[in-house]
Amino acid sequence: MSKIQSIKCTNCAAPLTLLGGGRVESITCSYCKSVLDLNDNYKVLSNFKNVKMSYSLPFEVGMRGKLKGIDYTIIGRVSYKDTLYVESTWSDFLLFSPLYGYAWLTYEQGHLIYSKRNRTFPNLTWDEIGNQSLVMVDGKSYKPYDAYTAKITYVEGELTWVAKYGDKINYIDLIAPPHGITAENNGKEIEFYNDEYMDSNEVYEAFSIAEEKRDGAEAFHPLKPFKRPFLKALSTVSLWFMVIVALLMMAVMFDGSGKSVAHFRVDNNTSIKEPFTLSSTKYLTTIHIKADSAKALNNFNMKLFKDEKLIFSLTQKNAYIFDPMTNKVSKRLSTWERRAKEIMVYLDLDKSGVYQLLVSPIDSAINSKLNITVKEKCSRVNYLFMFGFLLLIFYLLYYFFVWRYKQKLASEKEIDSDNESIFDGIANWGQVIFWVLFVIFIFFIDGD
Amino acid sequence: MNCPQCGDALDIYFKWTKLVECRSCKSSIFLSDEGAKLIGKASTLSPEPSLIKLHEAITIDNKNYLPLGKIRYAYGRGFWEEWFLKGESNQEFWLSVDEGDFVLEKRTEISLPFKSPRVVRVGRRYGSYLATEVGEGRCVGFEGELPFSINIGKTHHYIHLSKGGGNLVTVEFTDGVDKIFQGKWIDPLTIKSVYS
C-alpha cells in the first residue's frame, strides 16, 4: 500500500504544493526560497533568499490559462540575464498540461513567446547550427540570428531540472517570424524549442491578467512579425488602381494622339493669319511652335480668333484667355520661359468650326522663323499621371516599412550568414522595379 | 473465448494477442495454442488524464489506429505509457506517451552501428544516429490486450537514437532480448479521435 505524504519544505517546514508532472525535479519553497531536490528526499540544493527581483511580472506561479487550445498551469519560473548585454533580461514561465506536457511562456519587456520542445531538428552539432545560412525544420527555413550565453538570476516554483543561481546556458536563436527555434545547450545536452511570438493581449486574456498588470511591448523583438495591415491593404489596392490608371492612360493617349489641322511657317517679314477647322472639341487643341533659337521664338506674338473675336493671345511676356462675348480677359496664364526654343500650347476650345491663328513678328529686323502645327483631339494625361504617381507612393510605402523592418532585423543580428539580403521576403520587389520603370517611361512620353 | 476465472467473454481485437486483461474480474489471461490460462490478477492502474483511450479509434496523419492495450512504466517520480495500437492493415504499432511527448513506432529488424545497446552514451554519434536518451522504467501494470506477455515489476531498459527530422529508433533491452522500433515523434495536437 502506498503511503500518503504531506509535503513540507525541509528547510522551513512550510507546506509545498506540487502542480507539475512526473518530470519535475526541483521545487523552490515560496517562503524561504530554498531549492529542493524532489529526487533526493527534498534535499536543499541552493537558496534564492537573498536574491530579490527588482520588478514584478504579470504572471505568477499557480495561474491557469488556455493557450493554443491547451489548458496550462504555470508551475515555475526562471529569470535570466545575458552575460554580455546585462540589461537584456527575461523570464521563462514553465507551463504544464497533464495531457500535452510542458511548454514555456517567455516574458521579455512585454513581448510574450510560447515555446514547446522540438523533436524534429536536424542532427547538427552546436557549431554546425551557427554556421548554417538556413536550417530547414518541418518544411520551414529558419535563419540563425543570435548566439549568446545567459545566467540564471532567479528561480521560483517547480522545474524539470535543478536550477541554481548563476548557472550558465548557451543559446542559439533561429528565426522565421513569428516563429523561431531556440537551441539550448546547458553543457550536458542540447535541446530545441519551437517558439512562437504571441499576441500579448490574447495571452493576458487567457491567464486573466488584470489590466493594470499588463505591459505593452514597445521595444524591438526579432520574432515580432512585421504587421501593417492598413498599409498592406493600401498597397494592394494601390497596385490594382495603378493597373487601371495605366490602362486608362494608354487608352486616352491612343485615342487622343491628335490630328493635324494646320501646319505653316512664319518669318520676321510678314504676319500670317492662318485659318484652321476643328471638326471635334474632344480632348484639347494643341499649337506646337518651334523656332531655331530662343531669340526667334521671343520675336513673335500670337492671337487666336473665332468668328473674328479674340479668344486667346500669347507673347513671351503674357498669355490671356478672352471672353468672346465681352472681349475682356477672363483668365491670365503663365507664358514660356525666355530661353525656350519650342513650346506647346494646350487649349480647351469648346466650339468646333473655323478659327484663325494670327502670328506676327515683333521686330522685323530680327531674322526669325517659326514652324507651327495645330492639332485637334490631343489628350493630356497629367492628372492621371499625378494620380498614378500618388498611387505608386502608396504602393511603395508598405515596402518602405518592410525594408526598414528588415534593416532593423539585420542591424540587431549577431550571427553573420551568407546569401542573405535585407530585401529578403519582399516578394513583390520585381513589381516595385516594374512600376518605377513604368512611371519613368510615362514621364518621358508625357514630358512636353 | 471466456475468462477462466469468472467466465465472462474476453474482448480480443487482435489476432496475435498473447496477454489480455478480463474486463470483469481484472484477471491477467495468457493466451496460448492450448487456450486461455489465468496467470494472476492484473494490478489496477491509477486513472490518469490521457488523450488516448482503450478501444476508441484515433487518427494520426490521416491513418486510423485502434488502441487495444497499454503498459505503464514508472520512472523517477513519474511514468510513461506504451500504447499497443492496431493499424489499418491489422499491423502492430506502439505509441509511447510521456507527459506530452508522443512517439509512434513499429517493430523493425535493422542493423545498428554498435554491438550492444548497453555501450551507448547520450550525446554520442553512432553512424547516422545521435543517442538522445538512455533510460529505464519499472513495469507497473497493463490494461487491455498485448501481443506478448509482460513481467510486472521488471525493469525495462531503452535507448533513443535520433536520425534527425523527428525520426527515431528505440532499442529496448530487457532480459537480454533486444527489440528495435522505428518511428517518428508526433505532435499531440495532430492526434484526433475518429468519432469526435
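Helix α5 of chain A gives the most to a nonpolar surface patch, with four residues. Helices here are DSSP runs of H or I with at least four residues, strands are E runs of at least two, and both are numbered from the N terminus. The patch consists of A:Val237, A:Phe241, A:Ile244, A:Phe387, A:Phe389, A:Leu390 and A:Ile393, with about 610 Å² of accessible area together. Areas follow the Shrake-Rupley method with a 1.4 Å probe, and for residues only the protein chains shown count as cover. Patch residues have over 30% relative accessible area and no salt bridge; nonpolar side chains (Val, Leu, Ile, Met, Phe, Trp, Tyr) are joined within 5 Å, like charges within 9 Å. Both α3 (229-255) and α5 (382-412) of chain A supply at least two patch residues each. A:Ile244 sits in α3 of chain A.

This is a predicted model: local features need pLDDT of at least 70, side-chain atom pairs need 80 or more, and totals for chains, interfaces and linings use all residues. Residues are numbered from 1 along each chain as its sequence is written, chains are lettered from A and ligands numbered from 1 in the order written, and side-chain values use heavy atoms, without hydrogens and water.

Stay with α5(A). Its 31 residues reach 44 Å from first C-alpha to last, close to the expected 45 Å. That expectation is 1.5 Å times one less than the number of residues. A kink of about 30 degrees is centred on A:Leu396. The bend is the angle between axes fitted to the seven residues ending at a residue and the seven starting there. The helix also has buried residues, among them A:Phe385, A:Tyr398 and A:Lys406. Buried means under 20% relative accessible area, partly exposed lies in between, and exposed is over 50% (1.4 Å probe, protein chains only).

Now turn to the charges. The structure holds 18 salt bridges over all chains, each a side-chain nitrogen of Lys or Arg within 4 Å of a carboxyl oxygen of Asp or Glu. A:Arg23 pairs with B:Glu99, with closest N and O atoms 3.7 Å apart. A:Arg23 lies before β1 (26-28) of chain A and B:Glu99 in the loop between β7 (92-98) and β8 (101-108) of chain B, so this pair joins two chains. A:Arg23 also meets B:Asp101 at 2.9 Å, N to O. B:Asp101 is in strand β8 of chain B, so this pair joins two chains as well. B:Asp101 counts as buried at 14% relative accessibility. A salt-bridge network links A:Arg23, A:Arg119, B:Asp98, B:Glu99 and B:Asp101.
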